[in-house]
Amino acid sequence: MTEPTDADTPVTDPEVAVPQVAPAAPDAPAEPAAPRNTVLLLGAGELSRELALAFQRLGAFVVAVDRYADAPAHGVADRSAVVRLTDTEAVTALIEREKPRYVVAQSGAIAADALIAVAERGGVDVFPTPRSTRLGQDREGLRRLASDELGLPTAPFWFAGSAEELGTVAQHAGFPLVVKPISGAPGEGQSVLLRAEDVEPAWHRAVAAGRITHNRVMAETVVEVDYEVTLLTVRSTGATGPTLTFCEPIGHRPGDGDALESWQPQQMTPAALDAAKSIAARMVNSLGGRGVFAVELLVRGDEVYFSDVRTRLQDTGLVTVRSQRLSQFELHARAILGLAVDTIMISPGAAEVRYAGTETSVSEPSGADIAAVVADALATQESDVRLFGRPDETDGRRRLGVALATAPDVIIARDRARRVGAALRRLW
């Protein structure tokens, strides 16, 4: 679960907008047009692979697109294409050629202008909405929407356009201070300032993150919290108009090394849960559209602070593959297609996502090694695994695999997921 920008790129460049289909013989009939319920997935990483399967199970024709060949979702889609997703002209031409009913952005590096123009012309449903697409690439705009327009509680924050300006912010705000890039995946390019000497490295780390160039960063006061949660919020269309449905809150934290641990449900006080749902509802309704929104929140007792919102599926939501009747992928597909959804949790669950880091070997293990390791991992009660073999360049860090487990309570589920994850680490 960096692209060149030269306008004169030769046609042999793998990032040129060329559909990945076999060339037809001169006298062969033209390929039939895709059905009207075509879904164009912009971003074809591991999460998009699962999403493509969810769409297909509901009768959709899926075209998976990414900036490189042989992306994970390319292997399951009905048709695939290689297009530089930040190239407005290339993305526009692709949409005009495929004539999809739905365009779903699953990458953080997208030509927003192309999606906005398509959405404004009508006839094609674009997800997320143009406003969400813009704000998804602009943490400054998103935070100002949350704080200034919606009045949501947030940690104190500032924005800086240079290392010197960031130093001035640090002197004013004090230490510790979290520095984040304006755009990027959760945790990408993030640093914690503990002293003045940390400012310069933090600035360079933040502006270098991601594939969209920004020369501004966000600085945020470190708020002492009890835990962080992801509240998956599903915005769909009901008989009386847009409706919101909430999944049980998902707790998460960095695991040991290059890993992310998540579990569901995260226990919250009734007051905190009500506040979390209120914050999520106001933010998601402001963004509009349909689908799953990952609202990130900080919780201290009954107090809840807005941190971020992602209009794309997130790794923290991988636990829903086993914990819910409908996973985040199935919920996203159903909501976009205008179908009924439910967020029923069938069992407490936990997940551990492992990433390829600087110390991680990603050499291909033998088939016998994989079989033995998977057998050992699945010997844990109520366990499951997902191994990711194809290169995934869509979301920054490459996912290697996911360890999953369920149990009668979260504590046991987390322990089981850790044991499964420990067994899988022998592969890497």
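1. Val192 has a relative accessible area of 45% and is therefore partly exposed in this predicted model. The residue belongs to strand E9, which spans residues 191-193. Together with Leu194 and Val222, Val192 makes a nonpolar surface patch of about 250 Å².

2. The pairing of E2 involves strands E3 and E5. Five bridges join E2 to E3 (residues 61-66), and the two strands run parallel; here Val39 stands opposite Val62. Four bridges join E2 to E5 (residues 102-105), again with a parallel course; here Leu40 stands opposite Val103.

3. Side chains of opposite charge can pair when their charged atoms come close. The count for this model comes to 24 salt bridges. One of them is formed by Arg101 and Asp125, with the closest N and O atoms 3.2 Å apart. Arg101 lies in the loop between helix H2 (88-98) and E5, and Asp125 lies in strand E6 (residues 125-127), so the pair ties together parts that are 24 residues apart in sequence. Arg101 is partly exposed, at a relative accessible area of 27%. Asp125 is also partly exposed, at 22%.

4. Arg195 forms a salt bridge with Asp198, where the closest N and O atoms are 3.8 Å apart. The cut-off for such a pair is 4 Å. Arg195 is partly exposed, with 47% relative accessibility, whereas Asp198 is buried, with a relative accessible area of 16%.

5. Glu261 and Arg414 form a salt bridge whose closest N and O atoms are 2.9 Å apart. This pair links distant parts of the chain, since Glu261 is in strand E14 (residues 259-264) and Arg414 is in helix H12 (residues 410-424), 153 residues apart. Both Glu261 and Arg414 are buried. Salt bridges with shared partners join Arg253, Glu261, Arg414 and Arg418 into one network.

How values were computed. Residues are numbered from 1 along each chain as its sequence is written. This is a predicted model: local features need pLDDT of at least 70, side-chain atom pairs count only at pLDDT 80 or more; totals for chains, interfaces and linings use all residues. Side-chain values use heavy atoms; hydrogens and water are left out. Patches are made of residues with over 30% relative accessible area and no salt bridge: like charges are joined within 9 Å, nonpolar side chains (Val, Leu, Ile, Met, Phe, Trp, Tyr) within 5 Å. Accessible areas come from the Shrake-Rupley method with a 1.4 Å probe; for residues, only the protein chains shown count as cover. A salt bridge is a side-chain nitrogen of Lys or Arg within 4 Å of a carboxyl oxygen of Asp or Glu. Buried means under 20% relative accessible area, exposed over 50%, partly exposed in between (1.4 Å probe, protein chains only). Two strands pair if DSSP finds at least two bridges between them.
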